[in-house]
Amino acid sequence: MGTQIVKWVVQFAGVMIFAALLTVTNERGEIRSINLVPTKAHSAFQAALLKIRKNLTVFGHAQPLVFYTDNVAGDSHFLRECFPSLNLGVVQPSRW
C-alpha cells in the first residue's frame, strides 16, 4: 500500500517527489511514525527514528528490542545505531 500512496499523493508535474514511505509500528501494529522520504537512503529517515527513541524515553516507555525490516543486511547496522537497545543480549557469531 505504501508504494501506491507515494505514487498518487506526491507527484508534481508527473514527477515523483518522494521515493518511499517509512512506517514504524509497535508490537500491536499501531502506527507510531509515518514519513514520506525523498530517497531510500538512511539519512532520509534517521531523524524520525531518533525522535521515536527520544519520545520513548521522555514518556517512560521501553526501547525496542526487536525491529523488523525488509532489508536486514542493509538496515541492521543503521538500526542498531539508532536504537542501541537492539544490541542488548546480542552475541556475534564466531568466525570459522
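I count a residue as buried when its relative accessible area is under 20%, and I keep in mind that this is a predicted model.

Helix α3. With that cut-off, I find that helix α3, residues 72–82, has Asp75, Phe78, Leu79 and Cys82 as its buried residues. Looking down the axis of α3, I see these buried residues fall within an arc of 100°, so they line one face of the helix. I then checked what they pack against, and the partner is α2, residues 46–58.

Core. I next looked up the largest nonpolar core, which has 12 residues in all, among them Leu22, Phe45, Leu49, Phe78, Leu79 and Cys82. To this core β3 (20–25), α2 and α3 each supply at least two residues. For Leu22 I set aside the neighbours within four places in sequence, and was left with contacts to Ser33, Ile34, Asn35 and Phe45.

Surface. I noted a nonpolar surface patch of about 540 Å², made by Leu65, Val66, Tyr68 and Leu88. Val66 sits in the loop between α2 and α3 and is exposed, with a relative accessible area of 53%.

Charged pairs. My search of the whole structure gave three salt bridges. Arg28 pairs with Glu27, with the closest N and O atoms 3.0 Å apart, and also with Glu30, where the closest N and O atoms are 3.6 Å apart. Glu30 forms a salt bridge with Arg32 as well, the closest N and O atoms being 3.0 Å apart. Through shared partners, these salt bridges join Glu27, Arg28, Glu30 and Arg32 into one network.

Methods:
Residues are numbered from 1 along each chain as its sequence is written. This is a predicted model: local features need pLDDT of at least 70, side-chain atom pairs count only at pLDDT 80 or more; totals for chains, interfaces and linings use all residues. Side-chain values use heavy atoms; hydrogens and water are left out. Buried means under 20% relative accessible area, exposed over 50%, partly exposed in between (1.4 Å probe, protein chains only). Helices (H or I, at least four residues) and strands (E, at least two) are DSSP runs, numbered from the N terminus. The arc is that of the directions from the helix axis to the C-beta atoms. Contact means heavy atoms within 4.5 Å. Patches are made of residues with over 30% relative accessible area and no salt bridge: like charges are joined within 9 Å, nonpolar side chains (Val, Leu, Ile, Met, Phe, Trp, Tyr) within 5 Å. Accessible areas come from the Shrake-Rupley method with a 1.4 Å probe; for residues, only the protein chains shown count as cover. A salt bridge is a side-chain nitrogen of Lys or Arg within 4 Å of a carboxyl oxygen of Asp or Glu. A nonpolar core is a set of buried Ala, Val, Leu, Ile, Met, Phe, Trp, Tyr and Cys residues joined through side-chain atoms within 4.5 Å.
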